[in-house]
Amino acid sequence: MVKFSKELEAQLIPEWKDAFVNYWQLKKHVKKIKLSRKPKHLSNTPTSYDFGRSIFDPVRALARKLAGDTAHVEAREIIQVKSRVPTGDGEEEDKVYETELDQLFSEEHEVKVFFEMLDEELNKVNHFYKSKETEFLERGEILNKQLQILLDLKRLVADRRRKNFGGQTGGGSGLLSRSGSSLGRNSDSSERDSEYCGSPTDSGTDEVVAALEKNGINFVNSAVRGKNKKGKPKMAMRIDIPAMTPTKTIAAVTSMLWEDIVNNPKKTAGGGEYINRKKIQCAEKMIRGAFVELYKGLGLLKTYSSLNMVAFTKILKKFDKVTNQQASASYLKVVKRSHFISSDKVVRNMDEVESLFTQHFANSDRKKAMKFLRPQQQKDSHMVTFFVGLFTGTFVTLFSVYAILAHLSGMYTAGTEATYIDTVYPIFSMFALVSLHLFMYGCNLLMWKKTRINYNFIFEFLPSTALKYRDAFLICTSLMTAVVGAMVVHLILLSAGFSPHQVDIIPGILLLSCVLLLICPLNIFYRPTRFCFIRVIRNIVCSPFYKVLMVDFFMADQLTSQIPLLRHMESAACYFLAGSFKTHRYETCKSGKMYRELAYVISFAPYYWRAMQCARRWFDESNVDHLANLGKYVSAMVAAGARLTYARQPTQAWMLVVLVTSVVATLYQLYWDFVKDWGLLNANSKNPWLRDDLLLKKRSIYYASIGLNCVLRVAWVEAVMKYKPGVLESRLIAFMLASLEVIRRGHWNYYRLENEHLNNVGKFRAVKTVPLPFSGMDSDG
């Protein structure tokens with residue numbers, strides 16, 4: 001049977017951990033009471049005597065039973081739990097509970113301290129529950145208002161379309177009149193998507209406009225106020241849609257630069273700013289997401305209430321058992337009357353959200369609505385563990401076979417190493433680096449799970465499709481098994497006498513197969529993860545036009561550690577596109593002018609994308625720290641360019657430039673790693689030079705991690721050394737340095753997300769805040 005303390009640790013909301021009952025501290029104090037009672041139960045006599053059974057034993061047993069019943073009746077009054085209102089407000093929620101002992105205990109001081117701690121925990125839970133309940137209720141009121149505005153706007157557009165098309169709107173107006181059932185549907189034509197909400201003319205539209213104005217929507221452009229022929233103000237309403245995509249970003253920037261032109265009612269059709277159906281669909285999607293997050297928050301608060309109730313019950317039972325008293329009944333009555341148990345607002349609001357969501361966002365299909373509101377988490381499969389072990393064993397076996405064959409065939413001897421390594425190294429090392437990064441990510445997932453870091457919430461992953469650490473290990477081991485298997489086949493065919501231009505197509509087939517699997521539309525081999533990866537890469541490449549989310553800049557940071565992999569991709573593409581596998585003119589992809597120039601572009605690209613993300617975040621959030629972070633990536637670009645130039649022109653002047661730029665960039669990066677990304681090096685912390693809150697129990701791990709990160713950050717020193725190895729040695733050194741950088745990044749990942757998680761915990765942030773389309777609009781009234 002699992003102990004409740006472990007069960008509570010597994011089920012509590014990580015971001016709200018500090019707001020839960022401190023069950024572990026209370027349990028320690030109960031043990032302290034137990035220890036203080038032991039000496040008093042020991043007999044003062046060294047020996048005890050047993051004179052056998054007596055005829056008075058039944059009488060004594062009956063007397064003990066009657067005495068026990070009397071003690072039970074009296075025990076009901078051993079404590080008095082009183083409440084007071086410190087603010088002078090008589091509301092039940094604001095009461096503060098205090099316990100007084102009506103009966104003397106043999107350990108009176110320890111018991112008194114225990115109940116003081118219990119009162120403190122009860123008051124803490126009540127206060128937190130009330131604050132979160134108020135927060136979610138306010139969210140619910142705002143969402144109800146937003147939903148009503150959305151429904152009124154749909155009706156307004158439907159009335160306008162009915163007028164424009166003479167009532168022949170097909171199914172469109174019916175969709176709109178059914179209050180939100182157009183969710184997820186595309187418009188019938190581009191003409192419908194660009195309809196305008198012009199000046200209201202009929203009485204029905206006037207009623208809708210009046211309802212919208214009552215909800216705080218301003219239809220009059222304060223900059224250019226115009227009136228129609230009837231003297232009514234022209235509408236110039238705007239829906240606030242976040243600039244998440246390049247189109248919306250460009251539109252937002254254009255609107256900001258030429259606001260007067262765009263907002264001029266004379267320049268827009270119908271005499272007012274248009275509100276098309278696509279905007280309304282975007283607004284509907286935002287409100288739907290806000291309802292999902294509200295429901296999630298209410299569910300977490302319900303879980304918070306039930307877990308704390310069980311915690312109070314368990315700890316009081318332990319107290320009764322230790323003290324041989326019955327204090328739990330009296331105290332539990334007070335707990336059950338307290339606000340976090342007696343209030344039913346959360347349950348009622350959950351029912352209301354379910355009803356509204358089912359009606360307006362799921363076509364009255366409750367089963368469909370529950371898929372959004374209560375997504376099912378993916379269950380762990382033993383088959384995944386089995387295949388991880390199978391592929392691991394296969395990989396080790398194949399690699400051993402490859403090492404033996406390479407030694408017997410002499411592929412790494414001085415005469416053949418150049419041709420063979422230039423052919424297979426770029427592709428196979430590329431897959432090896434990808435597999436190593438996946439392995440490190442699997443280790444990250446495992447550590448995040450063990451330390452209760454809510455990475456799905458931080459990255460905004462769906463629990464039903466998010467990768468688990470076993471899945472990451474499965475992808476890693478299966479990929480490496482395929483790669484080493486291809487290497488073995490390639491080597492066997494070469495040794496059998498096949499021509500190199502025939503055999504060298506094997507790495508190309510492997511690369512093409514992986515690309516096809518990545519973009520495969522079939523629901524196989526983690527399709528949601530594959531498509532999420534493609535979407536994130538698109539957002540990174542198109543920076544700064546996409547709004548930057550946590551997963552976007554986290555992945556962009558991974559790319560800055562995979563520049564050698566990108567260089568290998570360049571080499572592989574050159575070999576295939578230039579036909580080098582057929583002609584074996586490798587100098588084309590080693591000394592060509594375009595190839596050399598592309599090396600700068602590829603080395604700069606990850607830093608440039610990350611810098612553009614920082615610029616976009618500064619534009620969205622107006623936080624100067626993002627500009628400082630941008631400077632870090634600019635310094636890294638300068639240092640990378642200097643090292644590339646020095647590799648081609650190894651002069652003393654360029655060596656000095658490399659030293660200066662690399663030292664500056666390294667110090668900049670180390671400061672940002674430790675202070676900004678990891679939140680360490682706090683001189684005033686209770687953990688010297690770390691931070692106050694640490695998820696890992698041993699502080700020495702953090703100090704070792706700081707030292708390891710410093711060492712791995714200065715791996716660029718190898719670039720300025722005058723050591724000139726052979727072809728094989730240089731390839732091995734380059735691969736080892738690239739692997740160390742991947743390991744450093746995986747090591748960095750854990751502490752980066754730990755710091756992000758602790759920031760969420762510090763703000764009790766367990767539910768995402770969704771921007772709303774109609775926020776910030778005041779009535780013109």
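**A tour of the predicted model**

Start by selecting F525, which counts as partly exposed at 37% relative accessibility. The model is a predicted one. A search of the whole structure finds 33 aromatic pairs. One of them joins F525 and Y526: the ring centres are 5.6 Å apart and the planes lie at 65°, so this pair is edge-to-face.

Next, select Y441, W448, Y455, F459, F461, F554 and W748, a cluster linked by ring pairs. Then move to W672, where K676 lies over the face of the ring at 5.8 Å from the ring centre.

Turn to the salt bridges, of which the structure holds 21. In helix α4 (residues 108-164), select E121 and K124, which are three residues apart and so separated by about one helical turn. Their closest N and O atoms are 2.8 Å apart. E121 is buried at 11% relative accessibility, while K124 is partly exposed at 27%.

Now select K154 and E284, a salt bridge with its closest N and O atoms 2.9 Å apart. K154 belongs to helix α4 and E284 to helix α10 (residues 277-323), so the pair ties together parts 130 residues apart in sequence. K154 is buried at 0% relative accessibility, and E284 is buried at 1%.

Finish with helices α26 (residues 593-621) and α27 (residues 624-648), which pack at about 175° with axes 8 Å apart. That angle makes α26 roughly antiparallel to α27. The residues of their contact comprise 17 nonpolar, five polar and five charged.

Notes
Residues numbered from 1 in each chain as written. Predicted model: local features only at pLDDT ≥ 70, side-chain atom pairs only at ≥ 80, totals over all residues. Heavy atoms only, no water. Axes fitted to C-alpha atoms, helices over the stretch in contact; angles between N-to-C directions. Helix = DSSP H or I, 4+ residues; strand = E, 2+ residues; numbered from the N terminus. Parallel < 35°, antiparallel > 145°, perpendicular 65-115°, else oblique. Nonpolar A, V, L, I, M, F, W, Y, C, P; charged D, E, K, R; others polar. Phe/Tyr/Trp six-rings, centres within 6.5 Å; stacked < 30°, edge-to-face > 60°. Buried < 20%, exposed > 50% of the residue type's maximum accessible area, 1.4 Å probe, protein only. Lys NZ or Arg CZ within 6 Å of the ring centre and 35° of its normal. Salt bridge = Lys/Arg side-chain N within 4 Å of Asp/Glu carboxyl O.
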